[in-house]
Amino acid sequence: QVQVMESGGDSVQAGGSLRLSCVVSPNIESRVCMAWFRQVPGRAREAVATINTGGDQTNYPDFVKGRFIISQDNAKNTIDLQMNSLKPEDTAAYYCAASDRKVPSWLSCSAATGVYDHWGQGTQVFVSL
């Protein structure tokens, strides 16, 4: 059974950076989709980055493209999210998610929550002006 656990959430001023980390146990499977999502109260959970662990295909929505970077470290079994040029609207709880299904290494992973089988408890990011 895959488990994921997030860390790295903090309070930061606008324009600053944070790095979130997701530890995957027992390890990162190859050719599965993993993702970072975020959610604010009263709104739907939305994907901010996805990664195909087999081919390093990454995908970002327009509102974070150029500012966020998702990466995997197989030696540490982590999926990290580097967040730069943070804005107040990035304030949210951030969640790591993993899918069980094997996918082709060339596939760009989906941003739909239903694709993902395992979720962490979340880590809070607060961005102030």
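## The four-strand sheet

Start with the open sheet of 4 strands, which runs in the order β1-β3-β8-β7 with antiparallel pairing. Strands here are DSSP runs of E with at least two residues, numbered from the N terminus, and two of them pair if DSSP finds at least two bridges between them. β1 (3-7) and β7 sit at the edges with a single partner strand each, so one side of each has no neighbour in the sheet. On average, neighbouring strands of this sheet are turned by 20 degrees against each other, direction ignored; the axes behind that angle are lines fitted to C-alpha atoms.

Inside the sheet, β3 and β8 run antiparallel and are joined by 6 bridges. Take Leu20: its bridge partner in β8 is Leu81. As background, strands of a sheet pair through backbone hydrogen bonds, either parallel or antiparallel.

## What the model is

This is a predicted model, where local features need pLDDT of at least 70 and side-chain atom pairs count only at pLDDT 80 or more, while totals for chains, interfaces and linings use all residues. Residues are numbered from 1 along each chain as its sequence is written, and side-chain values use heavy atoms, with hydrogens and water left out.

## Nonpolar cores

The largest nonpolar core has 28 residues, and Met34, Trp36, Ile79, Leu81, Met83 and Tyr94 have the most contacts inside it. Two or more residues of this core come from each of β3 (18-25), β4, β5 (46-52), β7 (68-73), β8 (78-83), β9 (92-98) and β11 (123-128). Apart from it lies another core, of 8 residues, including Cys33, Ala35, Phe37 and Ala97. To count as a nonpolar core, a set of buried Ala, Val, Leu, Ile, Met, Phe, Trp, Tyr and Cys residues must be joined through side-chain atoms within 4.5 Å; buried means under 20% relative accessible area, exposed over 50%, and partly exposed in between (1.4 Å probe, protein chains only).

Zoom in on Met83 and, leaving aside neighbours within four places in sequence, you find it in contact (heavy atoms within 4.5 Å) with Gly16, Ser17, Leu18, Leu20, Arg67, Phe68, Tyr94 and Val125.

## Arg38 and its surroundings

Arg38 belongs to strand β4 (residues 33-39), and it counts as buried because its relative accessibility is 7%. Its side chain makes a polar contact of 2.8 Å with that of Asp90 and another of 3.1 Å with that of Tyr94. A polar contact is a pair of N or O atoms within 3.5 Å; within protein, one must be able to donate a hydrogen and the other to accept it, and residues adjacent in sequence count only if both atoms are side-chain atoms.

Not counting residues up to four places away in sequence, Arg38 also touches a list of residues including Ala44, Glu46, Val48, Phe63 and Phe68.

## Salt bridges

The whole structure holds 7 salt bridges, each a side-chain nitrogen of Lys or Arg within 4 Å of a carboxyl oxygen of Asp or Glu. Arg67 pairs with Asp90, with the closest N and O atoms 2.7 Å apart. That pair links distant parts of the chain, 23 residues apart: Arg67 is in the loop between β6 (58-59) and β7, and Asp90 in the loop between β8 and β9. Both Arg67 and Asp90 are buried.

Asp117 and Arg101 meet at 3.6 Å, N to O. Each is partly exposed, Asp117 with a relative accessible area of 33% and Arg101 with 42%. Through shared partners, salt bridges join Arg38, Glu46, Arg67 and Asp90 into one network.

Note on methods
Axes are lines fitted to C-alpha atoms, for helices over the stretch in contact, and angles run from 0 to 180 degrees between N-to-C directions.
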